[in-house]
Amino acid sequence: MPTVTLIASGKRFDAAADETVLEAAQRAGIALPYSCRGGVCGSCQATLVEGDCRYPYNPPVGLSASARAHHGILLCQAVPCGDIAIQAREIASVEDIPHRRVETEVAERRMLAPDVVGLWLRPVDGEPLRWLPGQYLDVVLADGKHRPFSIASGPRPDGLVELHVRHVPGGGFTSWVYDSLKVGDRLTIEAPLGTFVPREDSERPMLFMAGGTGFAPVKAVVEHFIALGSRRPMHLYWGVRTTEDLYLADLARGWAAKVPTITFTPVLSDPDAAREAGLREGLVHEALLADHPDLSGFDLYMSGPPGMVAAGRDLFFDAKLPEDRLFYDSFDVAPDVLAAILRGRAGIHGL
Ligand SMILES: Cc1cc2nc3c(=O)[nH]c(=O)nc-3n(C[C@H](O)[C@H](O)[C@H](O)COP(=O)(O)OP(=O)(O)OC[C@H]3O[C@@H](n4cnc5c(N)ncnc54)[C@H](O)[C@@H]3O)c2cc1C
Ligand code: FES
């Protein structure tokens, strides 16, 4: 059985046959970074220092050519060929929370925007779910497939789990949520997942960038820092198309009104809507970079559509953001759908 050594901490764990490094680490109770689990977002990137890996599942699409040249690997897809040693970030804060499968009931369902449904789920067994602000859950469908959604708050006294679900045209689960799901319906979930969590071991000012329903985990993290009474400056950018997509703008404006260290900048990609509302126009990552062209002194949290995350990641590193100060969740489709899409592309492009 291959052994994986984490160079920074010296921790070691074994990987079973055909097991990815990420799965093996999770089995050993070690938290390494990840988001999409499909090989596309790049958030699980690490450096292979010794040994070799193969990619029997999805190709490592999220690895840039330069990362490959510098021995980068994607932990969610890489399977060790023998003993390996890697340089990877560990996220100790998420390690102690048990991962559970829980039956829930829809306690509340409300339209937040024309294509965004707010859901509030209550565990049926009455046992509160544990998670850290910013983490996500998987909804387990009847056929066993999973659909990931960020939890839009930290744990609440009433035990409810808040989700912001965008309707994806042609999407099976989100279309059902949009068209048919009602209060009292049951959903099976697995939680908590993900490593988009507050980093409290820093005094640096923070930038937050959300695209669409990427606001959900950002909301949870910002609320966490507010509850802590943090004095670190926080500048939140929320990019959407028109004002009706800014479905919790009043909440964000309320944070900025109450907490002098918080600034909120909504950014609309539709120029007419931006002009009409007197709001910032353009792409959200461009607005952030126009205000903060040198990112070397910041921690940056971002969450939302894969295109926004990928564009932001590259440009933020160009603007001197150190790689270990960027934390992100990329709202890719579920791993099984990504695999099907990539298999389809393999047929066409020989990926
Ligand atoms: C970590 C994480 C957190 C997330 N959090 C949120 C959140 O808080 N809120 C939110 O709104 N979204 C979130 N997402 C995105 C969300 O998980 C997806 O939108 C959701 O899984 C779509 O499910 P679906 O069943 O409706 O669509 P699917 O049926 O999975 O389809 C998705 C899209 O892929 C297309 N498709 C499906 N199969 C194929 C195929 N074989 N070939 C080509 N195209 C295909 C469909 O037509 C559709 O356009 C998150 C994603 C991740 C990874
Ligand atoms: S590429 Fe591995 S988690 Fe996204």
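**Notebook: aromatic pairs, strands and cores**

I started with the rings and found eleven aromatic pairs in the structure. A reminder to myself: this is a predicted model.

**Entry 1, Tyr-247 and its partners.** I looked up Phe-215 with Tyr-247 first. Their ring centres are 6.1 Å apart and their planes stand at 85°, so I noted the pair as edge-to-face. Next I checked where the two sit. Phe-215 belongs to helix H4 (residues 215-228), while Tyr-247 is in the loop between strand E15 (234-240) and helix H5 (249-258), so this pair ties together parts 32 residues apart in sequence. Buried or exposed, I wondered, for Phe-215 and Tyr-247? Both are buried.

Tyr-247 turned up again with Trp-238. Here the ring centres lie 5.1 Å apart with the planes at 90°, so this pair is edge-to-face as well. Trp-238 is buried, like Tyr-247.

Which residues make up the aromatic cluster I had on my list? I wrote down Phe-196, Phe-208, Phe-225, Tyr-301 and Phe-327, which form one cluster.

I then turned to the largest nonpolar core and found 31 residues in it. Phe-208, Leu-236, Trp-238 and Tyr-301 have the most contacts inside this core. I listed the elements that give two or more residues to it: E8, E9, strand E14 (206-211), H4, E15, H5, strand E16 (262-268) and helix H6 (271-277). H4 provides the largest share, five residues. I also checked the domains: domain 2 (100-193) and domain 3 (206-330) each supply at least three residues to this core.

How many bridges join E8 to strand E13, I asked? I found six between E8 (residues 100-113) and E13 (residues 186-193), and the two strands run antiparallel. On this side, Glu-105 stands opposite Arg-186 of E13.

E8 also pairs with strand E9 (residues 116-123), again in the antiparallel sense, over eight bridges. Met-111 has Val-117 in E9 as its bridge partner. To finish, I followed the chain from E8 to E9 and found a hairpin that joins them through two residues.

How values were computed. Residues are numbered from 1 along each chain as its sequence is written. Chains are lettered from A and ligands numbered from 1 in the order in which they are written. This is a predicted model: local features need pLDDT of at least 70, side-chain atom pairs count only at pLDDT 80 or more; totals for chains, interfaces and linings use all residues. Side-chain values use heavy atoms; hydrogens and water are left out. Rings of Phe, Tyr and Trp (its six-membered ring) pair if their centres lie within 6.5 Å; planes under 30 degrees apart count as stacked, over 60 as edge-to-face and the rest as tilted. Helices (H or I, at least four residues) and strands (E, at least two) are DSSP runs, numbered from the N terminus. Buried means under 20% relative accessible area, exposed over 50%, partly exposed in between (1.4 Å probe, protein chains only). Two strands pair if DSSP finds at least two bridges between them. A nonpolar core is a set of buried Ala, Val, Leu, Ile, Met, Phe, Trp, Tyr and Cys residues joined through side-chain atoms within 4.5 Å. Domain bounds come from an automatic or database domain assignment.
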